[in-house]
Amino acid sequence: MTKKMLLKDVARLAGVSEMTASRALRGARDVSKSTRAKVEEIARAHGYVPNRIAGSLSSQSVNLVAVVVPSLNSFVFPEVLSGISSVLKQSPLKPVVGISGYELDEEEEVIREMLSWRPSGVIVAGLEHNDATRRMLLQADCPVVEVMDVDGTPLRHCVGISHLQAGRDMAAQILARGYRRIGFIGTKMPQDFRARKRFDGFTETLAEQGVALVDLEHYSGDSSIATGRQLTAQMLTRQPDLDCIYYSSDVMSVGGYMHCLAAGLEVPRDVALAGFNNLQILEGLPLQLATTDACRRPIGERAAEIILKARDSSAELGPVCETLSPSISLGQSL
């Protein structure tokens, strides 16, 4: 176990008193800029997080669970939050949400602020963090659960799916249906580590069968139906003989389908389409699009259950790492 960093340790390393270190970390104006910068750098380097509620609550924690996700702009993470909330409502704990924007430095700032209020638990999307964030989470006075992904080394607890395997499985289904001229359209690449892993698993499986992508688009912005429609039009203009397109998300595949409808292309006869996440927006379309169910709500439920179990346990809860099994729906588009 990592030795917990205390304020007195930060003060000693900075060569100042505990009071000065405390005031520096609170941004007090009577502390010089150089001293404040030195104290802040030492705190960051060692994963120290100031306690915002020290001396004000005898319990030294609040009934909040910090949930850190990359975005609420898509339909993906609200489903995870729904699972978390449904379990926590049976307890005094309530979730509070922070947004990282797929940026590791922003994630660090969000987690530092949330930990400063001494939550009863932390649920954070993904296994990839910068060094400062990893140190903070390892020293946290509460259970930490990483969610959505299992392809990597968790800090302690994790619940998710293998995105590498999800990409491999979809590639196998596409190849089994005889498609060989295949394109890929993904968003938030490479910041979205899970989408990147699906892409890697997908292309590795294609390569094993001697197939290479004919075209690909790694779009840096967010997923949207409009973007999916635009990028699909551009790709089919470049490669009109593509027979299949795999998208990093259902939002994008719906946009691709909208382009096909507008262009008079028949799916899957002219081009097959497949996405990821099994989002609710797929319901009610004239054609059922192929997708992978990413187990979003069950992941949220299990993460919350781990937080409650760790909170109620008389002894420290051993590492819990659960891999859920996503399912592929072929729909009518493959």
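Is Met148 buried or exposed? Met148 is buried, at a relative accessible area of 5%, and the close-ups below, all drawn from a predicted model, begin with this residue.

**View 1. Met148 and its backbone in strand S4.** Met148 sits in strand S4, which covers residues 144–149. Its phi is positive, about 85 degrees, even though Met148 is not a glycine. That is worth a second look, since most residues other than glycine have a negative phi.

**View 2. Ser71 meets Tyr102.** Here we visit two loops: Ser71 belongs to the one between strand S1 (64–69) and helix H4 (76–88), while Tyr102 belongs to the one between strand S2 (94–99) and H5. Along the chain the two residues are 31 residues apart, yet their C-alpha atoms are separated by 7.4 Å. Beyond its neighbours within four places in sequence, Ser71 contacts Phe77, Ile99 and Tyr102. Ser71 is buried, with a relative accessible area of 7%; Tyr102 is buried as well, at 16%. Tyr102 also has a positive phi, of about 60 degrees, without being a glycine.

**View 3. Glu108 in helix H5.** Glu108 is part of helix H5, residues 104–115. With a relative accessible area of 2%, Glu108 counts as buried, because that value is under 20%. Setting aside neighbours within four places in sequence, you will find Glu108 in contact with Arg44, Asn130, Ala132, Thr133 and Met136.

**View 4. Ile123 in the largest nonpolar core.** The largest nonpolar core holds 54 residues, and Ile123, Ile174, Ile182 and Leu334 have the most contacts inside it. Among the residues that Ile123 touches, not counting those up to four places away in sequence, are Val65, Val67, Ile84, Val145, Val147 and Ile307. Another core, of 17 residues, lies apart from it and includes Leu236, Leu242, Tyr257 and Leu287.

**View 5. Helices H9 and H10 cross.** Helix H9 (residues 225–238) packs against helix H10 (residues 250–263) at an angle of about 55 degrees, with the axes 6 Å apart. The two helices are therefore oblique to each other, and their crossing is right-handed. Contact residues include Ile225, Leu231 and Leu236 of H9, together with Val251, Met252 and His259 of H10. By class, this contact has nine nonpolar, six polar and one charged residues.

View 6. The bond from Met189 to Pro190 is cis, with omega near 5 degrees, and Pro190 lies in the loop between strand S6 (182–187) and helix H8 (193–208). The bond from Val267 to Pro268 is cis too, with omega near 5 degrees; Pro268 lies in the loop between H10 and strand S9 (272–274). For context, most peptide bonds are trans.

Definitions and conventions: Residues numbered from 1 in each chain as written. Predicted model: local features only at pLDDT ≥ 70, side-chain atom pairs only at ≥ 80, totals over all residues. Heavy atoms only, no water. Core = buried A, V, L, I, M, F, W, Y, C linked by side-chain atoms within 4.5 Å. Buried < 20%, exposed > 50% of the residue type's maximum accessible area, 1.4 Å probe, protein only. Contact = heavy atoms within 4.5 Å. Axes fitted to C-alpha atoms, helices over the stretch in contact; angles between N-to-C directions. Helix = DSSP H or I, 4+ residues; strand = E, 2+ residues; numbered from the N terminus. Parallel < 35°, antiparallel > 145°, perpendicular 65-115°, else oblique. Left-handed = near helix turned anticlockwise from the far one by under 90°. Nonpolar A, V, L, I, M, F, W, Y, C, P; charged D, E, K, R; others polar.
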